[in-house]
Amino acid sequence: MKMENYSLGLLHGPYWIKGKKNQLVEEGEYLKDELTGEKITYFDNGIVRQEINYLHGKLEGSFKVNFSNGYPKIEGNYFEGVETGSWKTYTEKGDLELLIQYSDGNRVKELKINGTFEETFADGRSKNEYTYSNKLLDGPFRVWFDQGEYVIEEFTDSQTGENMQRQVLKGVQ
């Protein structure tokens, strides 16, 4: 079920959306067909999923995302539609995971606090993986070297006899 308000053919005023069990799924407000103010979405269990602020249809102000258990996942701010200032990410248990500093939408600094982090090469292969606890490396540190590349290889399926293609890594790893 959905409730919206219109003025002169444009979305204007509060709106809400409810799910099959009549639980609130989303609520917010429009001003002349543009989102304005706080838009809130909910998990099926009623816990707030996101709290996002808009001004004239653009992201503006605080931005919060939660896990389904209610713990925060991401907190930050937008200014004129781009990330600004300090952003925080959290683990599903509620521990601070990462601090990120933004300037005009660009990530300028990152501080790893708690959690396991992975970096990848441009093609998606793992580059390294490491764990931080209280801002210190803690646990195994794995590194994969970029000495190969993925190529498309033709082969014949042994069961069907069909000519097929697969992506394989060629080179030294």
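What follows is a short chat about fold, surface, charges and core.

Q: What kind of model is it?
A: This is a predicted model.

Q: How many helices and strands does the protein chain have?
A: Zero helices and 19 strands.

Q: What is the radius of gyration of the protein chain?
A: It is 23 Å, whereas a compact globule of 173 residues would have one near 16 Å. Along the principal axes, the C-alpha atoms fill a box of roughly 65 × 50 × 35 Å.

Q: And what share of contacts links residues 24 or more positions apart?
A: They account for 6% of the contacts with a separation of 6 or more.

Q: How much of the protein chain is buried?
A: Buried residues make up 23% of the 173. The chain exposes about 11,800 Å², and carbon and sulfur atoms supply 48% of that area.

Q: Switching to charges. How many positive and negative side chains?
A: There are 21 positive and 29 negative ones. The centres of the two sets lie 3 Å apart.

Q: Now the largest nonpolar core. Which residues touch the most other members?
A: Tyr 30, Leu 35, Phe 63, Trp 87 and Ile 100, out of 15 residues in that core.

Q: Which strands supply at least two residues of this core?
A: Strands E8 (48–55), E9 (58–66) and E12 (96–103) each do. E12 gives the largest share, three residues.

Q: What does Trp 87 touch, not counting residues up to four places away in sequence?
A: Its contacts include Phe 63, Ile 74, Tyr 78 and Ile 100. Gly 76, Asn 77 and Glu 75 are also among them.

Definitions and conventions:
Residues are numbered from 1 along each chain as its sequence is written. This is a predicted model: local features need pLDDT of at least 70, side-chain atom pairs count only at pLDDT 80 or more; totals for chains, interfaces and linings use all residues. Side-chain values use heavy atoms; hydrogens and water are left out. Helices (H or I, at least four residues) and strands (E, at least two) are DSSP runs, numbered from the N terminus. The radius of gyration is taken over C-alpha atoms; the globule rule is 2.2 Å times the number of residues to the power 0.38. Buried means under 20% relative accessible area, exposed over 50%, partly exposed in between (1.4 Å probe, protein chains only). Contact means heavy atoms within 4.5 Å. Accessible areas come from the Shrake-Rupley method with a 1.4 Å probe; for residues, only the protein chains shown count as cover. Lys and Arg count as positive and Asp and Glu as negative; His and the chain ends are not counted. The place of a charge is taken as NZ of Lys, CZ of Arg, CG of Asp or CD of Glu. A nonpolar core is a set of buried Ala, Val, Leu, Ile, Met, Phe, Trp, Tyr and Cys residues joined through side-chain atoms within 4.5 Å.
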